[in-house]
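Here's a quick tour for anyone meeting this structure for the first time. Have a look at it before reading on.

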Amino acid sequence: MIEVLSWIGQALILIGTFFYFLSTLGLIRMPDVYNRMQTSTKSATLGSLGVIIGVGLWAVGKGYSVAWISMTVIIAAFILLTNPISAHVLIKAAYEKGIPLWHGSVVDKYREFLEREKKGERNEETGAKSGTEADAGTGSGSRTGTQEGSQTGIETGEVRT
Amino acid sequence: MTPMYVYLLLIGIAVVLSMYRVFRGPTAVDRLVAVDIMTTLTVGMMVLYALYYGRMIYLSVALVYAVLAFAGVIAFARYLEGGI
């Protein structure tokens with residue numbers, strides 16, 4: 001009866017090593033830092049979950065103590081929590097360093113967010129200035145603000161959906 | 001214990017394949033991503049070795065290695081970003 005746990009654990013370890021292999025394959029295959037991180041980190045996290053919990057189940061199936069399962073679950077939860085954080089910090093460092101995207105990449109949400117943040121600050125400043133200059137004519141002030149916004153949007157080439 | 005060698009061999013092949021990116025990567029962040037993946041693979045390998053030797057205390061070694069690898073990657077990323 002308890003050998004079923006051993007078989008389940010070995011199946012989980014096989015699935016985990018397969019995902020490890022997929023992660024390193026993506027690390028070799030992909031053309032860019034960002035694509036490499038995106039293919040390798042997620043599958044390596046899933047593969048390590050499979051391998052570590054599979055080892056715990058296999059140990060219990062071999063007749064060792066039940067504390068193996070709790071210890072392996074602790075290690076798996078720690079890796080599940082910290083691996084995305086390290087990948088995020090790495091990729092933010094790459095973006096701050098100015099490593100360009102691959103030429104086939106079409107979406108850059110972080111640059112759009114930075115531009116929108118900058119433009120939002122400028123709109124708030126102009127809106128406050130027009131409000132202090134002419135308290136009654138708020139319509140003209142807001143209209144000039146939107147015109148400025150559309151001009152900056154055109155010259156930066158932002159796609160607004 | 002024969003399937004254990006097969007699993008260790010599979011993870012070892014994955015480590016060697018990720019070593020390619022460490023030597024070949026164009027930028028420093030490429031090499032650091034590859035090293036991050038190698039540490040994750042090494043934690044899995046350490047857990048397998050703990051079962052191979054049948055000692056539960058070796059799982060603590062894997063846990064401490066995971067903590068230190070996380071701190072090291074964070075420190076290197078802050079250094080590349082220009083924070084330190």
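## Ground rules

This is a predicted model, in which local features need pLDDT of at least 70, side-chain atom pairs count only at pLDDT 80 or more, and totals for chains, interfaces and linings use all residues. Residues are numbered from 1 along each chain as its sequence is written, while chains are lettered from A and ligands numbered from 1 in the order in which they are written.

## Chain A at a glance

Chain A has 5 helices and 0 strands (DSSP runs numbered from the N terminus: H or I with at least four residues for helices, E with at least two for strands). Of its 161 residues, 27% count as buried, meaning that 20 or more other C-beta atoms, placed from the backbone, lie within 10 Å of a residue's own.

## Helix H2 of chain A

H2(A) is mostly covered, with 21 of its 29 residues buried. Its end C-alpha atoms are 41 Å apart, which agrees with the 42 Å that 29 residues should span at 1.5 Å a residue (1.5 Å times one less than the number of residues). After H2(A) comes A:Gly63, with a positive phi near 105 degrees.

Leaving aside neighbours within four places in sequence, A:Ile52 is in contact with A:Thr72, A:Ile75, A:Ala76, B:Gly44 and B:Val47 (C-beta atoms, placed from the backbone, within 7 Å).

Notes: Contact = placed C-beta atoms within 7 Å. Buried ≥ 20, exposed ≤ 12 C-beta atoms within 10 Å, placed from the backbone.
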